[in-house]
Amino acid sequence: MTSIRHNDGVLDAARDCVLAYGVRRTTLTDVARRAGVSRMTLYRRWPDVGSLVADLMTREWVLAVTDLDLSDPVAAVVDGVRRLRGHPLWRKIVEADPELLLPYLLDRRGATHEAVLGVLEAAVGDRRKARAVLLVAQSFLLSAPTMLDPVTLDELDAELATLLEAYLA
């Protein structure tokens, strides 16, 4: 039996609610209604919307980078940044609820960080380099939009590739 904590129906409902209302306006009642389960069923697994959204973010963002071709780690990282930057949930959170990202930037690694680090460590063969690559990629994911005009995202992504190629050479 699949745990409801990893129940795609509940996570799909949470995604739909967050995309429609934003995180702050989403309630567990909204999610339960969309998922066709009781509120108490959700409360048994998630004490609040924040914990549900954390699981949702992990699922969505890990799925977004799961099938990257790691035979070329540089291209994989740049493609992963592009995929995440364009992901509807990412864009909604950055636009409506960016404060949700702060703990993952300042205080702790999340489950997505752990999953990506595992893949990067295998791809680049070095734990320290994997962490440095993740930090660089994360900065391009988060801050590239602040560096536009007169350059484009494509040009910045090309610079990310240049940086990574030199570093990983």
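Where is the place of R25? Select R25 and you land in the loop between α1 (8–21) and α2 (28–35); helices here are DSSP runs of H or I with at least four residues, numbered from the N terminus. This is a predicted model, in which local features need pLDDT of at least 70 and side-chain atom pairs count only at pLDDT 80 or more, while totals for chains, interfaces and linings use all residues. Residues are numbered from 1 along each chain as its sequence is written, and side-chain values use heavy atoms, leaving out hydrogens and water.

Stay with R25 for a moment: its relative accessibility is 61%, so R25 counts as exposed (over 50% relative accessible area, with a 1.4 Å probe and protein chains only; buried is under 20%, partly exposed in between).

Next, the largest pocket, with a volume of about 680 Å³ (the space filled by probe spheres set on grid points joined across faces, edges and corners). Select L84, T112, H113, V116 and L134, the closest to its centre of the 32 lining residues. A pocket is an open set of points on a 1 Å grid over the protein atoms alone, where a 1.4 Å probe fits, with protein on both sides within 12 Å along at least five of seven lines; lining residues have an atom within 4 Å of a point. Colour α8 (111–124), which gives the most to this lining, seven residues.

Finally, select L102 in helix α7 (residues 102–107). At 42% relative accessibility, L102 counts as partly exposed.

Conventions:
Helices (H or I, at least four residues) and strands (E, at least two) are DSSP runs, numbered from the N terminus.
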